[in-house]
Amino acid sequence: MTYDIDGLEAELRALLGDGGVSREPAVLERASVDGARLSPVLAEQLPLGRAELVAWPGSAQQIADVVAAAVRRGVPVTPRGKGTGNYGQAIPMRGGLVLDTSRARAIVEIGDGYALVEAGVPMAAIEKAANAAGQQVLMYPSTTASSIGGFLSGGSGGTGSIKHGMLHHGFALELDVVHAGGEAALVHVEGAAAEPYIHNYGTAGIIARAKVALEPLQEWRAFYASFEQFEQALSVIRPFADIEPTPRLVSADGPVLAGALPEDEGIPAGRSSLRAILDVASIPAATALVEGAGGRVEVVREGARASLQVSRTSYNHPIEYLQHAYPDTYFHVEVSGDALVDRIDEVQAVYPGGMLHIEAQKGRPIGMLAGEYRSAAEVFAGFDRLTALGVGFHNCHQWYVDYEPARTAALAATTDPQGLLNPGKLQERVDVQTGHQDVQK
Ligand SMILES: Cc1cc2nc3c(=O)[nH]c(=O)nc-3n(C[C@H](O)[C@H](O)[C@H](O)COP(=O)(O)OP(=O)(O)OC[C@H]3O[C@@H](n4cnc5c(N)ncnc54)[C@H](O)[C@@H]3O)c2cc1C
């Protein structure tokens, strides 16, 4: 691919000022890495790409201006929020421009039941603004500093998902997206029309502004319990999901994973840990469940910060802490199903050193199965064994769009005909003229 990166740099300097553009090697380096190191399979393949230019548009309209300028010059554009995506989705695999949204961070409006925000606003900032208006975000990830644009494009769910499901279940009400047609236009999409832009890494359009759903604020408590045995904690995971009002988050770990988490009196050494964000009205019911299973409540804390702290030990985060405690040792697979509770020994035996981090959900629990890393082949060989046990899994060791990829490819064929938006992440690209499908490797 040949393009005029110098010309784009000059144009973006005129648009954003000298502070809005950089080609400093250290800056390019930082803009070219994300959370891919969470996967040793991906880490072995790094670096997968390097930015040639970074730009920081300061508003939704400037995001559109920057994309249009890059597209007119045929320069690939990889959008970037906080860079916490854990599959290499934010790595600029074909070089070109990294469009960093972190300065487009206006909270435009908090209305009744919604927040209208620019793409770079951190999730914790939306929650804080919503709280000040007596409301709360439907869901946010354990990476609470990640951006709304990055969460909608690269995430899946988190705190709030027990009640509200995953990202594509109605969280994003309206989006202003930018297509790669060369015009600096914000395209407004709502409801079902917004859905195809969710969780496909910006390959069909870059989110410049989002209206996301809020709900009335509840009085939450950060709830820490512990158990002698992991099986005791597991035995209350499904009942916890059915507590009313529905918990915002319920996570549990055995003693090794729990021991890798930040020190906290709520997580005593050598015991299995259950951490939850519970409506204050449900504390008696939750306490009865814990004690009925032979556990004990360690501490219950008030305040939004205490809840955020519980969130930061959920979903992929325990795996990251485990990797810090035991460098170069563990990988993980994202898993789901009742077998996580009912067949825990067999599930953990799929990989050497297998350990489950579990999250309560309505229907069936989900989790992160950690194992000792030997080779990529061994990781993939475990998938069949998980399937045989009735465990659903998500391969978090590849960077391709894997949620509705054909739908994304069809949309991108019209919204990004030159294939400039986060190139390298779509396995299927459909030629809009001929309908020919080209499989990228
Ligand atoms: C330790 C750890 C814990 C995690 N926990 C969770 C969790 O609880 N729940 C969860 O869902 N995810 C989780 N993730 C994954 C990640 O944090 C989410 O995908 C996250 O919300 C990404 O936000 P970000 O701002 O860091 O996006 P980035 O990593 O910068 O980008 C993510 C993807 O979206 C694209 N993108 C960024 N901004 C835009 C935009 N404005 N428009 C279009 N595309 C864009 C990027 O190109 C990239 O493909 C975790 C990751 C790690 C490493």
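This is a predicted model: local features need pLDDT of at least 70, side-chain atom pairs count only at pLDDT 80 or more; totals for chains, interfaces and linings use all residues.
The domain assignment divides the protein into domain 1 (5–100), domain 2 (107–217) and domain 3 (220–394). The C-alpha centres of domain 1 and domain 2 are 21 Å apart, and contact between these two domains involves 18 residues of domain 1 and 22 residues of domain 2. The size of an interface is often expressed as the accessible area lost when the parts come together. For domain 1 and domain 2, the buried area is about 1,400 Å², with carbon and sulfur atoms giving 72% of it. According to an unreviewed UniProt entry, residues 46–217 are listed as "domain: FAD-binding PCMH-type".

An open sheet is formed by 8 strands, in the order S14-S11-S13-S12-S16-S17-S15-S18, with antiparallel pairing. Its edges are strand S14 (296–302) and strand S18 (392–394), each of which pairs on one side only. From one strand to the next, the twist averages 20°. Helix H11 (residues 283–292) packs on this sheet, where it touches strand S11 (220–227), strand S13 (272–279) and S14. The direction of H11 makes about 10° with that of S11. Within the sheet, strand S12 (residues 249–253) and strand S16 (residues 355–359) run antiparallel and are joined by 3 bridges. Ala252 stands opposite Ile358 in S16. Helix H13 (residues 317–325) lies across S12, S13, strand S15 (330–336), S16 and strand S17 (366–372). H13 runs at about 165° to S15.

Val41 lies in helix H3 (residues 40–43). Its relative accessible area is 5%, so Val41 counts as buried. Apart from neighbours within four places in sequence, Val41 is in contact with Tyr373, Ala376, Val379, Phe380 and His397. Val41 and Val379 are 338 residues apart along the chain, yet their C-alpha atoms are separated by 8.6 Å. Ser161 is located in helix H7 (residues 161–164). Because its relative accessibility is 1%, Ser161 is also classed as buried. With neighbours within four places in sequence left aside, the contacts of Ser161 are Met139, Met166, Arg248, Tyr315 and Gln361.

The backbone geometry was considered next. Most residues other than glycine have a negative phi, and most peptide bonds are trans. The peptide bond from Leu46 to Pro47 is cis, with omega near 0°, and Pro47 is found in the loop between H3 and strand S2 (53–55). Glu244 and Pro245 are likewise joined by a cis peptide bond, for which omega is about -15°. Pro245 belongs to the loop between helix H9 (237–241) and S12.

Positive phi values occur at Tyr201, where phi is near 65°, and at Glu404, where phi is about 50°; neither residue is a glycine. Tyr201 is placed in the loop between strand S9 (187–190) and strand S10 (206–216), whereas Glu404 lies in the loop between S18 and helix H17 (405–415). Tyr201 has a relative accessible area of 4% and is therefore buried. Glu404, by contrast, is partly exposed, with a relative accessible area of 37%.

Notes: Residues are numbered from 1 along each chain as its sequence is written. Side-chain values use heavy atoms; hydrogens and water are left out. UniProt positions are given in the numbering used here, feature names are shortened, and annotations may be inferred rather than shown by experiment. Two strands pair if DSSP finds at least two bridges between them. Helices (H or I, at least four residues) and strands (E, at least two) are DSSP runs, numbered from the N terminus. Axes are lines fitted to C-alpha atoms, for helices over the stretch in contact, and angles run from 0 to 180 degrees between N-to-C directions. Contact means heavy atoms within 4.5 Å. Buried means under 20% relative accessible area, exposed over 50%, partly exposed in between (1.4 Å probe, protein chains only). Domain bounds come from an automatic or database domain assignment. Buried area is the accessible area (1.4 Å probe) that two parts lose on being put together, summed over both.
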